[in-house]
Amino acid sequence: MAPERDLAAEFRAGNVRGLARAITLVEQRDPSVRHLLESLADRIRRPYVLGFTGAPGTGKSTLVDGVVRLLRGWDLSVAVIAVDPNSPYSGGAILGDRIRMQRHALDPRVFIRSMGARGHLGGVSVASREAIRLMGAFGFDFVLLETVGVGQSELEVAAIADTTLVVLTPGLGDGVQMIKAGIMEIADVFVVNKADLPGAQRTVQEIRNMLNMGPKQAWRPQIVQTVASSGDGLDDLYEAVDRHRTHQEASGEARAQEEARLKDEAADLVAEWARGEARRLLDSDPPLARRLLEDRTPYAAAEEMLRQRGGSLVPEAARAEG
Ligand SMILES: Nc1nc2c(ncn2[C@@H]2O[C@H](COP(=O)(O)OP(=O)(O)O)[C@@H](O)[C@H]2O)c(=O)[nH]1
Ligand SMILES: [Mg+2]
């Protein structure tokens, strides 16, 4: 039996080890994942994806843990992905998070996975989007996506998530810093966590002021205060998420986003395939390699390769003249 057929059977039997193995295949960019997904076509449905982003130490993992408990309380199943773009490893978890998550270890309807994606084309997005698809096919209702890293990964998470939560803490919410990080644009919900510390109300006010300065949008980002360590405010957080979800669905934005995501994925796939094909071609074609050294620029060789395998991909502005 083909291994992907085995895996599909494990999915149908609800064996999470099958899911874990399938995600490992995704991280290795194993092409058989496609066949697995095809044999699970009847089960593919998108889970609702919450992205948690914000500076280290703001309480994202603690919030994620709280939301897991909230969802489990309603008997919904939930998968967690901790995205660590700096780590080439997968399957592990940061020690503190592992301890915190241990309470869910015996619950088969909670699945926790940390994903590193350094060195992959498309970074964390390619692997986590496919992992989310597998989690949906497995039957998970929600996926909580936490970024461990900073910088680019936040934007990637926002592109993947249905609702993006930007987590801030009192004192950290100094406006200049937020605008610089480009975070205003990606937030659907602002979470002022550690609201037990002084200054929470001021941070809320600063966010509100910034929202008032920005352009008017169809969805006005909500601001909630939480104390993740005690669970205070988690109901408000979920309510804000739910309001956003309802808005996205009613306005057609959810569908537009899904389309944009799939376009991203298809384009990334073309890039990945073309890149692999190009490397094979370069390594098996000495004249092409010689030409590279003669030209000392990659354009002509790149165009030549694309001409051989689908030349219309060369962007017009970059085409050779004449
Ligand atoms: N005072 C206070 N501490 C918190 C709160 N939420 C999380 N913490 C603590 O902040 C630290 C960092 O939390 P963590 O969830 O690991 O942050 P992350 O790096 O964003 O994932 C931990 O020591 C938490 O116990 C909160 O609401 N209030
Ligand atoms: Mg964390």
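Seven strands make up an open sheet in this predicted model, with parallel pairing and the order S3-S2-S4-S1-S5-S6-S7, where strands are DSSP runs of E with at least two residues, helices are runs of H or I with at least four, and both are numbered from the N terminus. Two strands count as paired if DSSP finds at least two bridges between them. Strand S3 (110-116) and strand S7 (222-225) stand at the edges with a single partner strand each, so one side of each has no neighbour in the sheet. Neighbouring strands are turned against each other by 20° on average, direction ignored. Strand S5 (residues 163-168) runs parallel to strand S6 (residues 189-192) and is joined to it by four bridges, and Val-167 has Val-191 in S6 as its bridge partner.

Helix H7 (residues 152-160) lies across strand S1 (48-53), S4 and S5, at about 165° to S4, while helix H10 (residues 234-251) packs on the sheet, touching S1, S4, S5, S6 and S7, with its direction at about 165° to that of S7. Axes here are lines fitted to C-alpha atoms, for helices over the stretch in contact, and angles run from 0 to 180 degrees between N-to-C directions; contact means heavy atoms within 4.5 Å.

The magnesium ion (ligand 2) is coordinated by Ser-61 (OG) and Glu-146 (OE) at 2.1 to 2.2 Å; donors are N, O and S atoms within 2.8 Å of the metal (3.2 Å for Na, K and Ca), and water is not among the atoms, so sites may look incomplete. Because Ser-61 belongs to helix H4 (residues 60-73) and Glu-146 to strand S4 (residues 142-147), the pair ties together parts that are 85 residues apart in sequence. Both Ser-61 and Glu-146 are buried, that is, under 20% relative accessible area, with exposed meaning over 50% and partly exposed in between (1.4 Å probe, protein chains only).

Helix H12 (residues 286-295) and helix H13 (residues 299-308) pack at about 150°, their axes 8 Å apart, which makes H12 roughly antiparallel to H13 (over 145 degrees). Leu-288, Arg-291, Leu-292 and Asp-295 in H12 meet Ala-300, Ala-301, Glu-304 and Met-305 in H13.

Residues are numbered from 1 along each chain as its sequence is written, and chains are lettered from A and ligands numbered from 1 in the order in which they are written. Local features need pLDDT of at least 70 and side-chain atom pairs count only at pLDDT 80 or more, whereas totals for chains, interfaces and linings use all residues; side-chain values use heavy atoms, leaving out hydrogens and water.

Note on methods:
Parallel < 35°, antiparallel > 145°, perpendicular 65-115°, else oblique.
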